[in-house]
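Take a moment with the sequence and the fold. Then follow a short walk through a few of the residues.

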Amino acid sequence: QVHLAESGGGLVQAGGSLRLSCEASGSILRLNGMGWSRQAPGKQRELVATIGRSGNANYADAVKGRFTISRDNAKNTVYLQMNSLKPEDTAVYYCNAGVVTSDKENIYWGQGTQVIVSS
């Protein structure tokens, strides 16, 4: 059993910052790629950022230069530092991870954390 728990969402004014965290727990041999996605009301879920086990990161164009993804492999945790937030960043943010348990890898998702950016 594997569980991903996000935290750090909330209400912030435009131009402000938030830091999201996502900790994986359970029967984990190794975490491979991890990432963050978001879903705004009435819209499809979109990829925000991904990070490989070695730290190589990729970002959606909409957040490049404002968001930074990082991870702590010792803590099984991925972070998303969000700066210069805009109202259009308002969404539920979900983390995901490729989790190796026994002899295979499965993708797990967190339950989501709400981010609201007021103008």
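## A buried arginine and its surroundings

Arginine 66 has a relative accessible area of 10%, so this residue counts as buried. The model is predicted. Where does arginine 66 sit? Arginine 66 lies in the loop between strand E6 (57-59) and E7.

Serine 84 deserves a look of its own. Serine 84 belongs to the loop between E8 and strand E9 (91-101). Its relative accessible area is 41%, so serine 84 is partly exposed. Buried would require under 20%, and exposed over 50%. The phi angle of serine 84 is near 50°, a positive value in a residue other than glycine.

Asparagine 76 also has a phi near 50°, again positive in a residue other than glycine. Asparagine 76 is found in the loop between strand E7 (67-72) and strand E8 (77-82). With 24% relative accessibility, asparagine 76 counts as partly exposed.

Asparagine 76 leads on to glutamate 23. Not counting residues up to four places away in sequence, glutamate 23 touches His3, Leu4, Ala5, Lys75, Asn76 and Thr77. Glutamate 23 is part of strand E3 (residues 18-26). Is glutamate 23 buried or partly exposed? Its relative accessibility is 47%, so glutamate 23 is partly exposed. Glutamate 23 and alanine 97 are 74 residues apart along the chain, and their C-alpha atoms are separated by 9.8 Å.

Now turn to the partner strand. E1 and E3 run antiparallel, and six bridges join them. One of the pairings links glutamate 6 to cysteine 22 in E3. In a regular strand, side chains alternate between the two faces of the sheet. Which side chains of strand E1 (residues 2-7) are buried? Val2, Leu4 and Glu6 are buried and point to one face.

Notes: Residues are numbered from 1 along each chain as its sequence is written. This is a predicted model: local features need pLDDT of at least 70, side-chain atom pairs count only at pLDDT 80 or more; totals for chains, interfaces and linings use all residues. Side-chain values use heavy atoms; hydrogens and water are left out. Helices (H or I, at least four residues) and strands (E, at least two) are DSSP runs, numbered from the N terminus. Buried means under 20% relative accessible area, exposed over 50%, partly exposed in between (1.4 Å probe, protein chains only). Contact means heavy atoms within 4.5 Å. Two strands pair if DSSP finds at least two bridges between them.
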